[in-house]
Protein chains: 2
Amino acid sequence: MIDIKERVRNKSLYAKIVSAEEAANSIKPGMNIGASGFTPAGYPKAVPLALAARMKQEHFQVNLWTGASVGKELDGALAEAKGIAKRLPYQTNDTIRKAINSGAIQYTDLHLSHVAQMSRYGFFGGKVDVAIVEACAITEEGHIVPTTSLGNAASFVQSADFVIVEINTSQPLELEGMHDVYVPLDPPNRQPIPLVKASDRIGTPYIPCGPDKIAYIVPCDIKDDVRPLAAIDDDARAMTGHLIDFLHHEIKAGRMPVNLLPLQSGVGSVANAVIAGLADSDFENLTVYTEVVQDGMFDLIDAGKLIIASGTSLTPSPDGLKRLYDNIAEYRKKIILRPQEIANNPEIARRLGVIAMNTAIEFDIYGHVNSTHIMGTKMMNGIGGSGDFARNAYLTCFFSNSIAKQGSISSVVPMCSHFDHTEHDVDVFITERGIADIRGLSPKERARVIIDNCAHPDYQPMLREYLERAEKATGYAHTPHLLHEALSWHTRFLETGSMK
Amino acid sequence: MIDIKERVRNKSLYAKIVSAEEAANSIKPGMNIGASGFTPAGYPKAVPLALAARMKQEHFQVNLWTGASVGKELDGALAEAKGIAKRLPYQTNDTIRKAINSGAIQYTDLHLSHVAQMSRYGFFGGKVDVAIVEACAITEEGHIVPTTSLGNAASFVQSADFVIVEINTSQPLELEGMHDVYVPLDPPNRQPIPLVKASDRIGTPYIPCGPDKIAYIVPCDIKDDVRPLAAIDDDARAMTGHLIDFLHHEIKAGRMPVNLLPLQSGVGSVANAVIAGLADSDFENLTVYTEVVQDGMFDLIDAGKLIIASGTSLTPSPDGLKRLYDNIAEYRKKIILRPQEIANNPEIARRLGVIAMNTAIEFDIYGHVNSTHIMGTKMMNGIGGSGDFARNAYLTCFFSNSIAKQGSISSVVPMCSHFDHTEHDVDVFITERGIADIRGLSPKERARVIIDNCAHPDYQPMLREYLERAEKATGYAHTPHLLHEALSWHTRFLETGSMK
Ligand SMILES: CC(C)(COP(=O)(O)OP(=O)(O)OC[C@H]1O[C@@H](n2cnc3c(N)ncnc32)[C@H](O)[C@@H]1OP(=O)(O)O)[C@@H](O)C(=O)NCCC(=O)NCCS
Ligand SMILES: CC(C)(COP(=O)(O)OP(=O)(O)OC[C@H]1O[C@@H](n2cnc3c(N)ncnc32)[C@H](O)[C@@H]1OP(=O)(O)O)[C@@H](O)C(=O)NCCC(=O)NCCS
């Protein structure tokens, strides 16, 4: 067994160090498991693998609640063992996705800031039975030092009947001190969250727990399943350029401070490209208040342009991970990890005035956004934190390529096939073609700006024609639509393989 | 001229007392007017009537920004004079609605809590040129004592180049002291809003202004254009019954305090019926944190069951108004009026944990809500504050009758024809048929509960059939839809006059 005694600082807890199998045996069919983890970072690995092995023998299921997506040792292994009845709040795993889209797993796609409080309120059918948390160490007082993410771990530990801690020796002890754990009280006792700058620390550097609540401690040395980032392509570079021009314009117009406002940036390659693009720009003293701290932010830190990156998860690429660990003492001064209930909190997003930048699957001419469903029916990942930020930001931007699948799909459509963010929530759309600033516009005004600035030239004439026919047919109603045609672009794609 | 000298406590301001016509002459074509008013309460009347008369002669337009809907002397008169180019953020006026749905007025339908800050940020094209505010009085210091609503008046006054105050002598001076004015700083300087109970006072009882900013003072005695409430019908009574049963169940399950949490209740007859229904229930020590204080809340106060009603507008029926004014000293102890930026604030809604209760036009089997559009194209009123509360509440409920137009429309449809609130935002649907508690459910699970509990029996078989065919056709995808049929209920209604 891997030696973890150095990391278990309360010696009375040595007796609870067991194998992953023994800990997994404590998990009963039908339990609600609250796991640490947010993106493939900071999630338990050894216990889920042992649990999956047991499930293959004993054929039972549990409900899995996490921070967001987690790595293959948790989502992948349990889904392959057909061991998940209900999954929430987010996933990006192929096996789970297939199970969700074939009715085998019931998936509840939730705003990430709402999950911890809803689980405490008892809105998910029962409370957390067991919390499984990856840790760097356990303190003398029996508190848990988390690893590369916080997610909902602190709240799950607070609510759980018992806790399983996985001490992961692949996670450097230097992560200690990077976290800031604050779990709000629930109504009617909730107080203002005392955070007024992205760099404020308002909690503890550990997850409060105490030795009694810890039932099992399991050693593990499996690394976070981090993945390489796609290379930054010309489209992503073009989008970044449009955004940076726009931000300069906003500063000139007096609508934005010269060092901008705290940046929130979604996951994936466009998001990373935008952050990396800022490193080459002339902006200075930037701050980040986001979910996921990615490679691009290390570039900003190295360039001396970032004061602070606050998030709930550290999810570098394999290269980025090496870079982080090589210089962790320096990066640690500029990175804070918080519970997602705070990282994504509407109170804070609105107070700080974040610039929210997320990616859409498609958006429509009136400004609605689909973040989650392929052709209106198949779940891709989930809404994640995009709504938490979009709804409360100072400035809400959505990015997308103007086309998908080599141009057979237009990402700008007459009507979205699914709705995650409504017309009331978006300020700016950005594709590689340009930027549509729809602030203060009526739907008919928005449609023209979106078609002209963001749609692909192959689809612009069709979109204009739809708009004009819809206007005439409805007598220039507030939101002109031909309801029998509104989704015909999607059905045409499903029938012919192209929206053209 | 009506004598208002007693109400203008700063004598140096007497010189600014002018006729409505003279004040209206200061308004130039293309100006952005920020007016007080929220529902037909507390809006300016004399100056808009004079402005409309001028517009009929001189043919020019302005942009009209308010708190929410306002009465006929403002929205109606200016729209009849074809004097409005852009209108935001909410309306309920027939003339304006027709103009919006025929392309004559550009209407921007916004979350009500966002309006003041977006206008300060300069997101609507320029700032407020002139604020026109109805007042009870002007203090010695030149501050403005508002009347029956606050809306966005305080923020508009702060931003405006100059201010026109309408002193309305039909508004009793006893309203003084009912208001609590707090305008937050903007990012990056915003601080926590120091409100932790619905009854907290955090600001001033007047709108800070100062004598210099006041350009004109106009006497007026036109009453608020309040309207009678529809009688409470059996359907509304049934919905109230379902809600009260559900709340009892939640208390028993330990998910709700015995005196509930602060109630937010939308406008209209169902909302009023629910509040009135609580007066007959055994709940005690209730609190209200809402937009509009309606008649039902007087019932609750009279029954000794309500500790505090916090809102941004006092909008009783004509009977309710009489009742209020007959006993204003008593009611004033229990009523606080705040700027809508605070009344509808996401930070506060989430901190207090409000129970949000709003009315939908239609909702779909997967839990999306249309609050604004008739058959997907024609604007009814607007999203109002429903999103501010729905997105941040402890518990989010939407009400609707299961059918409309004598049963030729099902308000439960396969897919909404417009989307204002998404599947991620709703906990509970209530129709006269029953209640669907969809917390924690996947879309396919939700569909069954919604159809079984909320849809009208005439439409249940059709909805079940759609669901089952969609499940089969998509291989039980996450959100099963037949895209070529999803909106066919609406097109059938448009073509045949019935969804059947
Ligand atoms: C929207 C989202 C899926 C885009 O991710 P991405 O990695 O930039 O997307 P890609 O361009 O690689 O597209 C992903 C897939 O969708 C397909 N796609 C893209 N646009 C499409 C469209 N309009 N219609 C149908 N499919 C589309 C792509 O072809 C690709 O398919 P593949 O997997 O078969 O190759 C992702 O950002 C997401 O899940 N967002 C929601 C959550 C979120 O915003 N999180 C951050 C919050 S802080
Ligand atoms: C949704 C809303 C319009 C319902 O108001 P209401 O007074 O209870 O509604 P009614 O039942 O009288 O219906 C209004 C009209 O819509 C029609 N209608 C109702 N359901 C319909 C449906 N599913 N499809 C088409 N029309 C429908 C009614 O027939 C009626 O038409 P009419 O004016 O021709 O008679 C209203 O609550 C609203 O504007 N909400 C959005 C803003 C909000 O929620 N504010 C409160 C926030 S704090």
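This is a predicted model: local features need pLDDT of at least 70, side-chain atom pairs count only at pLDDT 80 or more; totals for chains, interfaces and linings use all residues.

I started with ligand 1, which has 23 residues around it (a heavy atom within 4 Å). Gln264(A), Ile361(A), Asn381(A), Gly382(A) and Lys405(A) are the closest. I sorted the shell: 10 nonpolar, 10 polar and three charged residues. Here Asp, Glu, Lys and Arg count as charged, Ala, Val, Leu, Ile, Met, Phe, Trp, Tyr, Cys and Pro as nonpolar, and the others, Gly among them, as polar.

Next I listed polar contacts (N or O pairs within 3.5 Å). A polar side-chain atom of Lys405(A) sits 2.7 Å from an oxygen of ligand 1. A polar backbone atom of Ile361(A) is 2.9 Å from a ligand nitrogen. The side chain of Ser411(A) has an N or O atom 3.4 Å from a nitrogen of ligand 1.

Residues are numbered from 1 along each chain as written, chains are lettered from A and ligands numbered from 1 in written order, and side-chain values use heavy atoms, without hydrogens and water.

Then I compared the chains. A rotation of 180 degrees with 0.0 Å of shift along its axis puts chain A on chain B, RMSD 0.0 Å (least squares on C-alpha atoms with pLDDT of at least 70 in both). The two copies are thus related as by a two-fold rotation axis. In chain A, the C-alpha of Glu347(A) comes closest to that axis, at 2.2 Å.

Key:
A polar contact is a pair of N or O atoms within 3.5 Å; within protein, one must be able to donate a hydrogen and the other to accept it, and residues adjacent in sequence count only if both atoms are side-chain atoms.
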